[in-house]
Amino acid sequence: MKKLSFYLLAFLFIGCSHIDESERLIYVPPIDVQRAVLIEDFTGQACVNCPAASDVILDLQNTFGEINIVPVAIHSGPFAHKRSNMSGPFLSDLGTADGDEFFTHWGIEAQPGVKINRGAPIYDPNQYAAAVQAEMQKTSPVYFEVFKAICDDGKTINVVIHPSIPTTDIDARLQVWIVEDGINAEGGNSTYVQMMGDGSANENYVHNHVFRASMTDNLYGDPYRQGAGEKFLVEFNYSKAVESPWKVENLSVVAFLWNEKDGVLCVSRTKVKR
Amino acid sequence: MKKIFTSVLMLLFAANFALAQTVQFADKSGNTVSDGTTLNVDEGEKDAFGDLLFKTGLYVKVATDETVFVGIDYEIKSMPNGSFRICFPQNCVNRTAVGQYSTDKGSFGATDKKDIQAEWIPEENGFGTCTVDLQVNRYTYNALTKEYNLVESGPKVTVNMTYKDPASVDNLETDQPQETARYNTAGQRISEGQKGVNIVKYDNGKTVKKVTK
């Protein structure tokens, strides 16, 4: 009887050891990267949970390479700030009217929220990796054979894009964006403070790949149609004046072809050269 | 034998009781905010961007060694203007209308205590009271169906966030002491001023002789 009691009590007290999620080793199988992936990150300086999502995106870049992960931080929605509507001690202009238009157009409901290759919005950063890997394994029917961004006078950015001969018929739109890295406190009364997860205001936060402006005539891209195997003879040329307070040395250009049916077909990022 | 079974039953009961207390609201210091509590907040503060916020001051904590999934159901019962924001567990959401809402669910570790960053942002001079009910719940997650299942309805609290109009009569404060009693020189209480010397008592404890002509 004593033995029975012992086993009964032992059964009650012995359980499987719990291993916290963060401590579990997750096997990430090697994947064959077929194409780069665009991550549109709808973020904001007042969004306390956004820095954690940015860290997840940074981890993806470290894992798969910057060439394969092309994030764009679109400061938008209720948690972004524009200099014109601020009265506090920290002024910034990371928010844009175009960013708010994208935020509304795509029906973003919470921040951080991302669209990966123009798929449905994802609000849980734990789900980014799976979506990115799925998109990476798809093949792209077209890529950019020539993609140059030059600002030799420090005043105007000129972009030249020439797509490759596609393997299938393409009916898409070409979007071209200017993004900026390394944005942080610039002295005086203007800083780029970021609210953090613990509720503190980080005055030294560095904002990367921030959407600055669109270069195309149409905000959702210029039409691009090409038959399979057909050589495209015309180059796409875009120009945009450098605005204050952009720093040319920190600017890059992101270009991508997309349509409603397939999402992003191909994406690439190139640094603005002087 | 009976003793053993009684002990086992007691252990099971205790374990069950502990499970029922898994998710809790807390204040900044970690003190538990119990079920049914009503909090009144009438002090706002400006954030780094110059926005005036009235914070609920609520945190979520869990009383278990295991990682659990937690979410909050909340109802904005009244909001005269502005918006109500909540940043829990991994997103930030801005609500501009009254109604019932739920946050996403997220995993929570045993030692975690997270500010839910729930606050009312009234419009400029948008005086009034925003009332919100919040309930924290525990879920399990089915990885196959990718669905969360409610396993525990935790405590529910009400928060009234009031932006007081400084010009309102209710909020007027005066430094002038108020008269509480008046006497004549014979020490008899009088209801109003009389000619001659009046002895006037004030609510600040002072007594003053006043001459009325």
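# Briefing on a predicted two-chain model

Y101(B) is buried, with a relative accessible area of 19%, just as the cut-off of under 20% requires. The model in which this residue sits is predicted, and the predictor assigns the complex an ipTM of 0.81 together with a pTM of 0.80.

**Confidence in the prediction**

- For chain A the average pLDDT is 86, and 82% of the residues score at least 70.
- In chain A, residues 8-26 have a pLDDT below 50, and this stretch makes 18 contacts in the model beyond near neighbours in sequence.
- Residues 86-90 of chain A also have a pLDDT below 50, with 16 contacts in the model beyond near neighbours in sequence.
- Chain B has a mean pLDDT of 84, and 84% of its residues reach 70 or more.
- Among the elements of chain B, the lowest mean pLDDT, 47, belongs to helix 1 (residues 2-20), and the highest, 98, to strand 10 (residues 99-102).
- Residues 8-19 of chain B have a pLDDT below 50, and this stretch has nine contacts in the model beyond near neighbours in sequence.
- Where pLDDT is low, the predicted coordinates should not be read in detail.

**Make-up of chain A**

- Chain A contains four helices and 13 strands.
- Of its 274 residues, 51% count as buried.
- Among the contacts in chain A with a separation of 6 or more, 73% are accounted for by residues 24 or more positions apart.

**Helix 2 and helix 4 of chain A**

- Helix 2 (residues 50-64) of chain A packs with helix 4 (residues 128-136) of chain A at an angle of about 40 degrees, and their axes are 11 Å apart.
- The crossing of these two helices of chain A is right-handed.
- On the side of helix 2 of chain A, the contact is made by A53(A), V56(A), I57(A), L60(A) and F64(A).
- On the side of helix 4 of chain A, the partners are Y128(A), A129(A), V132(A), Q133(A) and M136(A).
- The residues of this contact divide into nine nonpolar, one polar and no charged.
- Buried residues in helix 4 of chain A are Y128(A), A131(A), V132(A), Q133(A), E135(A) and M136(A).
- These buried residues of helix 4 pack against helix 2 and also against strand 1, strand 2 (69-75) and strand 3 (113-116) of chain A.

**Aromatic rings**

- Over all chains, the count comes to 19 aromatic pairs.
- The rings of F42(A) and F103(A) have their centres 6.4 Å apart and their planes at 65 degrees, so this pair is edge-to-face.
- F42(A) belongs to strand 1 (residues 37-43) of chain A and F103(A) to helix 3 (residues 97-105) of chain A, so the pair ties together parts that are 61 residues apart in sequence.
- F42(A) counts as buried at 0% relative accessibility, and F103(A) is buried with a relative accessible area of 13%.
- A cluster of F102(A), W106(A), W177(A), F211(A), Y220(A), F256(A) and W258(A) is linked by ring pairs.

- Y101(B) is found in strand 10 of chain B, the element with the highest mean pLDDT in that chain.
- Leaving aside neighbours within four places in sequence, Y101(B) is in contact with I72(B), D73(B), Y74(B), I76(B) and R95(B).
- From C-alpha to C-alpha, Y101(B) and E75(B) are 6.1 Å apart in space, while 26 residues apart in sequence.
- Q117(B) lies in the loop between strand 12 (113-115) and strand 13 (119-121) of chain B, and is buried with a relative accessible area of 8%.
- Apart from neighbours within four places in sequence, Q117(B) has contacts in chain A with V48(A), M196(A), G197(A), D198(A) and G199(A), and in chain B with R85(B), I86(B) and C87(B).
- A186(B) is found in the loop between strand 16 (179-183) and strand 17 (196-202) of chain B, and counts as exposed at 61% relative accessibility.

Key. Residues are numbered from 1 along each chain as its sequence is written. Chains are lettered from A and ligands numbered from 1 in the order in which they are written. This is a predicted model: local features need pLDDT of at least 70, side-chain atom pairs count only at pLDDT 80 or more; totals for chains, interfaces and linings use all residues. Side-chain values use heavy atoms; hydrogens and water are left out. Axes are lines fitted to C-alpha atoms, for helices over the stretch in contact, and angles run from 0 to 180 degrees between N-to-C directions. A crossing is left-handed if the near helix is turned anticlockwise from the far one by less than a right angle, and right-handed if clockwise. Contact means heavy atoms within 4.5 Å. Ala, Val, Leu, Ile, Met, Phe, Trp, Tyr, Cys and Pro count as nonpolar, Asp, Glu, Lys and Arg as charged, and the others, Gly among them, as polar. pLDDT is the predictor's confidence in each residue, from 0 to 100. Rings of Phe, Tyr and Trp (its six-membered ring) pair if their centres lie within 6.5 Å; planes under 30 degrees apart count as stacked, over 60 as edge-to-face and the rest as tilted. Buried means under 20% relative accessible area, exposed over 50%, partly exposed in between (1.4 Å probe, protein chains only).
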